[in-house]
Amino acid sequence: MPNNTTSLPCQPLTETLLPTEAENQAVAQHQLEMLLKACIQCGMCLSSCPTYGVTGSEAESPRGRIHLVDLWQQERLTAEAIAPHLNNCLGCRSCETACPSNVQYGDLLNTSRYLLKQNTPAHWFAPIKRWLLATVLPSPAWLQVARLGALLYTTTGIAWLANRLGVLKLLPPSLQAMEQLCPPVAWDDTPALEAGQRFGNLDAPIVLFPVGCVMNTFMADIHYATIEVIVALGFQVLIPALPCCGALAHHAGELSLSQQQALATLQAWQALNTPTTPIVMNSAGCAAHYKELAHLFPSDSPLHAVAVAFSKQVVDVHEWLLSQVKALAEQLKVKNAEEQRVKAIYQPACHLYHAQGVQTEPLAVLSVLPAVEWVPLADASLCCGSAGIYNIEHPALSQQVLDAKLDAIEATGATLLAVANPGCYLQLRKGLQQRGLTLEILHPMQVLARYLG
Ligand code: SF4
Ligand code: SF4
């Protein structure tokens, strides 16, 4: 839980505080040397790695990737030789949870990808990807344009016609994957939330609820369900003016861009002047990035110190709800009595389970629902193959990882699947459709909201 006694740093946050490219490279180089030293090559992480699981290749395992980076640093392998194996990594950080030597694999991966980008020729898609990360994602207006495109595609018969004529099969695999992952949209969808909106009793204690970028545009109903649950517990929800977190840029090795986006977040947070109010998050990937924002800056940078203070306020919604579980059970009593029992499974998002270490809290919270029987899911903590935009960039490997997950899901006989990350939601929804499985898929907050009396 966050430490609410943090005092708000008052230093003006300007672009002059951002590290230069040369400083970034020097720090990254030093960090990588330190991170590599922690690995003792024991192999305890291998069985927890989804890409090793589906390929059986040492080069696609955490130990293998770390060894490859080490050989590159010793100039015994080229950047071009090792880059494909680093790019094939999901970044799920399951290996971090399994590691007895506390190897910070997530930092090692991001740092390696950043340095590899400086040492390998840019892919033709790189400028488009950077435009998407730098311009489209942080802009609500651009995201609405994307949503309009998805609406026109899915509701005017274009999607049906393209399928019917077999046009989609002619597209490159990445575009086919993008088409299959298109979020469910409708003309009468709940509108995106806006900064400054408040919900609940205005005298009640405040909870800040950042709504992010893609999730707010394409899955606002999950946000509304989360707000409903928080308000039902006697809190007031305020949507703060915090921009897109920049997690996807960071994972893509775009360090400077993610630092600029982090600076924008810290500036907006400083302007809020609410140093003791919890920042409650329902998207695992965004929350994990917020909690580790300080990792983007050198430890002697003022931005590092401000980011540490910011991160202490951030809390995953399941973590936060666990402290309210008694009140939650009270709220849910009446409705539960009328409901039929449902068999359900919970798929932990990697950025919740491995990156944030929020492992038992979601099921502890969800278990207050007497009408829902939560049955175990085999290898639940393994990735579903979504991993940001991995499923678009590496559709074949992502599909193999997804297939293993779907086998496990199918074996449970459940009718409801709960998952707490928008990317996983779309990936699993695609998989369920591929197999013709009729499980309903919801965010845990939608499950809770359904049973509110
Ligand atoms: S990452 Fe950890 S578990 Fe894996 S080989 Fe290295 S020390 Fe062992
Ligand atoms: S982050 Fe995931 S995919 Fe990558 S090496 Fe670790 S366990 Fe394997």
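**Reading strands, a ligand shell and domains**

Reader: Which residue is the bridge partner of Val-342 in E7?

Author: Val-372. The model is predicted: local features need pLDDT of at least 70, side-chain atom pairs count only at pLDDT 80 or more, and totals for chains, interfaces and linings use all residues. Residues are numbered from 1 along each chain as its sequence is written, while chains are lettered from A and ligands numbered from 1 in the order in which they are written.

Reader: How many bridges join E6 to E7?

Author: Strands pair if DSSP finds at least two bridges between them. Here, three bridges join E6 (residues 342-347) to E7 (residues 372-374), and the two run parallel. E6 also pairs with E8 (residues 416-419), again parallel, over four bridges. There, Ile-345 has Leu-417 as its bridge partner. Strands (E, at least two residues) and helices (H or I, at least four) are DSSP runs, numbered from the N terminus.

Reader: Which residues are closest to ligand 2?

Author: A residue is near a molecule if its C-beta atom, placed from the backbone, lies within 6 Å of it. Ligand 2 has 14 surrounding residues, the closest being Cys-49, Pro-62, Cys-89, Cys-92 and Cys-95. Helices H2 (50-55), H3 (62-73) and H5 (94-98) each give two or more residues to this shell.

Reader: Where do domain 3 and domain 4 lie in the chain?

Author: Domain bounds come from an automatic or database assignment. Domain 3 spans 190-319 and domain 4 spans 332-450. Their centres, taken over C-alpha atoms, are 23 Å apart.
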